[in-house]
Amino acid sequence: MSTKPRVGLFVTCLVDLVRPQVGFAAVKLLEQAGCDVEVPAVQTCCGQPAWNAGADGHATDIARQVIAAFEGFDHVVVPSGSCGGMIKRHYTEAFEKDAAWLPRARALAAKTHELMSFLVKVRSVSGVTAQFAKTVCIHDSCSSLREMGVKAEPRTLLGSVDGLTIDELKDQQTCCGFGGLFSVKYPEISERMADDKIADACATKATVLTGGDLGCLLHLKGRMARQGKTLEVRHAAEILADMGGEPALGEP
Amino acid sequence: MSGGRDEILSSIRARQLVRTPKPEIYSAPKSEGDLAESFAKKLSVQFADVRLLDSMADVPAAIADVLRGKNMAQRVHIAPDSALALDLPGIEVSREPPGQNEAAVTEVPFAIAETGTLAYPAGKGRPASWHFRPVLEIAVLRASDVLPELEDVLKRLGGVLPSTLNLVSGPSRTGDIEQTMELGAHGPKSLAVLVVKS
Amino acid sequence: MNLDPKNFPQAAREALTDPLLRPALGRLKTHFGAGRAAAVARYGDFEALREAGKAIRDYAVTHMDELLTQFEESVVARGGTVHWARDAAEARALILKVLQDAGAKTVTKGKSMVTEEIALNPFLEANGIVPVETDLGEYIVQLRKEPPSHIIAPAFHLSKEQVAETFFASHTGLDPKRSLVERNALVQEARAVLRRSFESADAGITGANFLSAKEGAAIIVTNEGNGDLTRLLPRTHIVVTGIEKVVADMTDVSVLLRLLPRSATGQPISTYVSVMAGKRGADESDGPAAFHVVLVDNGRSKLIGTEAQDVLRCIRCSACINHCPIYGAVGGHAYGATYMGPIGAALNPGVMGVENAAHHANASTFCGRCAEVCPVKIPLPKIMRHWRAVEHAKGLAPKSITAGLGVWAFAAKRPGLYRFGASVMAWFLRSIGRRGTVHALPVMQGWFAVRDFPVPQGKTFQAQWRARK
């Protein structure tokens, strides 16, 4: 009988569609940290796009699906502060008045974690075995910072990567302008916010921009591609799982 | 005009769901050390000229010095019925309200150490507008009248407020143009505070 | 000049290309943003202070009827008068009557966002009364016939050259060859010009940062001292303020006074804090002979008992505005309303109607910085989301977004269909991508207007994971 913790990996829709490597990186890191990882097949989305748009009916339908699929695990781990935040902070809001689902939402919230903070705080991982001889700057997503309380952990883990140097952004608190559907509804404002963040990144000594949220990274890389800027963009999980040799985001 | 009053109050009452309880009284971090020194330090940082004097006998010379330092004539305005009984040889004293380019000498009933603030309850001999009219206010304060917090000033007033209680923590200023601070927007451009130890 | 929240997208686009606005917004961040951070660091347990402020304001909002009644009793006991205005029109009419009864022709004004909200100045002018703004920033925008662009720094968007230009155009009695290159010269000129207004005004109108129920006092904070000259020199003083400003007593005010200036500009205390408890005493030589308070509802009471109730805790410090990246990109005028930034986004849909102010609630990434800095812990993004839900439920959201979400949700609730759809999408995007990105699609045009989309790696994670098992 295994005494390893059973972890349900919530892959996220963006990782599933655009960058599966992040999912495989997460599995590798979790297994290295002594977990049994499962990936429930019924997962699709956490429901955040619907929730943020005020489409509460859709959001709660999707949330029930997630709760039912994941509540049996010891831990639920998400390679994203944004989706993690939806499950951990907003499911209880969504079911505030639902006597049947509120306790289940609370229970799931209590055991849902962003990937890097799970490794450091729950599995006591202090370092990884990986090589990445480049200078990186770190983009802390708003949800990681403010909903999941993740700040030191990416630095602890990335700092342990062989050859990696961190050169921090000057402004680590201002939103990059993704914001889900905001990026589509108010493109010019989103563009300005991206440009400010990109200028900050390009002003560091880093040749790589990394972070824990794929949505932000897709938005920033997409904007850089339009501008002709060549900063390499990778999800932090990939670097930590020693997959830094693969093509970066948006590279052929 | 009872229509508006009744409707507004009904509107509020009809919608109240929860009445939260009266919270515990908040206790602010206390400043250490001598109150008058704490006060002087806080106010000096806010572009005021704060001087610690040994006794009331030193006040006239200090007033003369402040005026000289501002290239102003040896002339001040002191409110009629002011409790300040100062002998100011060589200094002309007017009892008229000060103009926008003149100096006033005022008595300070209380001061607050936490924020470096002068507390002026308006009253006989203490016209409130005199803290705003002149270009220079010279405030005379006894060190023993410096209290720790605003709450202490309110306690001293016994829960009865004057028509106006002015709390002054520096000369007048504005950052309204390009977020750059300039002194002397409407109120005094300079504030000098003479803190008398005994 | 945008005066309509419905116009926000176009106004925002124009603001983004305004060359003078960008450095001005940068200055706001450096001064107010850094100022607050430094003040918070120096304070010690700032979190405990925020909790205390929240509790005081929660008590006040949930006892608003009792406190307003008590406030009125206290004011009347000291010889003042309280007026109750259900809406903007009633407020304007009440104020006009007081001024007309007092025979007032010129009125000086301390800073009051509520008087902006009720559009008081044009109404007074139409009735033959001249209102003169005395807060330097408000005075400048009044001369320029612009609305304020920030709730505490109304003219932050202007350069000193623009202010000089305005003074040359408006202060026609002065020597046209004088120098107004220095900021100090501008301030000194305004001081001299406005001193005449202060001294000749028949009445003074101020706002109130707080109302203290027990003592019947209105409290204002300024750095200039203009509010005091507005109150103290004329015969009549009128306070115009929102009903939600009331708190229990001066002890509560003392706590909030620790929060407000630090959150606004980073100061431990504003230069002038004035506790105004009625008309002049019998033995006093200055101060108003008549004291009036106009309490304005204008949509506030109907937020009580709703998901937006917490917005009534607001003490109008502007911290949310100063830290908002959207405001930081487009400034205040783009919002087309008295209250802008996150507090505007949380308040306006409630008081102006969701159909009118939907953009305010939608133009947010929910980054949460506003809620993080709010001194009274208003969950601003949560309230904005509530307005989006109201908008969605009323069928007012843009059709393309609602339709797109509908399709997405349909698939998301059907895992088999979703996995198939995602696989097709991944394959499709990969096949149309060039050099690692997709440049355009007939959908999501907002994305592709300014960005490429990085091409998917290949098969979806789920497809690959199933294949491995």
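Which residue stands opposite A:Cys137 in strand 7 of chain A? Hold that thought for the first view; all the panels below come from a predicted model.

**View 1. Strand 5 of chain A and its two neighbours.**
The residue facing A:Cys137 is A:Leu209, in strand 7 of chain A. Strand 5 covers residues 135-139 of chain A, and four of its five residues are buried. Strand 7 (residues 208-211) runs parallel to strand 5 of chain A and is joined to it by four bridges. Strand 6 of chain A (residues 165-166) is also parallel to strand 5, with two bridges between them. Here the facing residues include A:Thr135 and A:Thr165.

Eight strands line up in the order 8(B)-5(B)-6(B)-9(B)-9(C)-6(C)-5(C)-8(C), and their pairing is mixed. The edges are formed by strand 8 (146-147) of chain B and strand 8 (246-247) of chain C, each of which pairs on one side only. As a reminder for reading this panel, strands of a sheet pair through backbone hydrogen bonds, in either the parallel or the antiparallel sense.

**View 2. Where the sheet passes from chain B to chain C.**
Take a closer look at the crossing point. B:Val168 stands opposite C:Tyr272 here. Within chain C, strand 9 also pairs with strand 6 (residues 217-222), again antiparallel and over five bridges. On that side, C:Met276 of strand 9 is the bridge partner of C:Ala218.

**View 3. The interface of chains B and C.**
How many residues of chain C are in contact with chain B? The count is 99, and they meet 72 residues of chain B. The two chains bury about 7000 Å² between them, with 56% of that area on carbon and sulfur atoms. There are eleven salt bridges between chain C and chain B. One of them links C:Arg183 to B:Glu178, with 3.0 Å between the closest N and O atoms. Helix 10 of chain C (residues 183-200) gives the most to the side of chain C that touches chain B, namely eleven residues. That side is made up of 47 nonpolar, 23 polar and 29 charged residues. Polar contacts between chain C and chain B join 49 residue pairs, both partners having pLDDT 80 or more.

**View 4. The interface of chains A and C.**
Now we turn to the contact between chain A and chain C, which takes 69 residues from chain A and 66 from chain C. About 5900 Å² is buried between these chains, and carbon and sulfur atoms give 62% of it. Seven salt bridges are found across this interface. Among them is the pair A:Asp61 and C:Lys413, whose closest N and O atoms lie 2.7 Å apart. Between chain A and chain C, 33 residue pairs are in polar contact, both at pLDDT 80 or more. Elements giving two or more residues to the side of chain A that touches chain C include helix 2 (20-32), helix 4 (56-70), helix 11 (187-202) and helix 12 (214-227) of chain A. Helix 11 of chain A gives the most to this side, with eight residues. By class, the side of chain A that touches chain C holds 34 nonpolar, 17 polar and 18 charged residues.

How values were computed: Residues are numbered from 1 along each chain as its sequence is written. Chains are lettered from A and ligands numbered from 1 in the order in which they are written. This is a predicted model: local features need pLDDT of at least 70, side-chain atom pairs count only at pLDDT 80 or more; totals for chains, interfaces and linings use all residues. Side-chain values use heavy atoms; hydrogens and water are left out. Contact means heavy atoms within 4.5 Å. Buried area is the accessible area (1.4 Å probe) that two parts lose on being put together, summed over both. A salt bridge is a side-chain nitrogen of Lys or Arg within 4 Å of a carboxyl oxygen of Asp or Glu. A polar contact is a pair of N or O atoms within 3.5 Å; within protein, one must be able to donate a hydrogen and the other to accept it, and residues adjacent in sequence count only if both atoms are side-chain atoms. Ala, Val, Leu, Ile, Met, Phe, Trp, Tyr, Cys and Pro count as nonpolar, Asp, Glu, Lys and Arg as charged, and the others, Gly among them, as polar. Two strands pair if DSSP finds at least two bridges between them. Buried means under 20% relative accessible area, exposed over 50%, partly exposed in between (1.4 Å probe, protein chains only).
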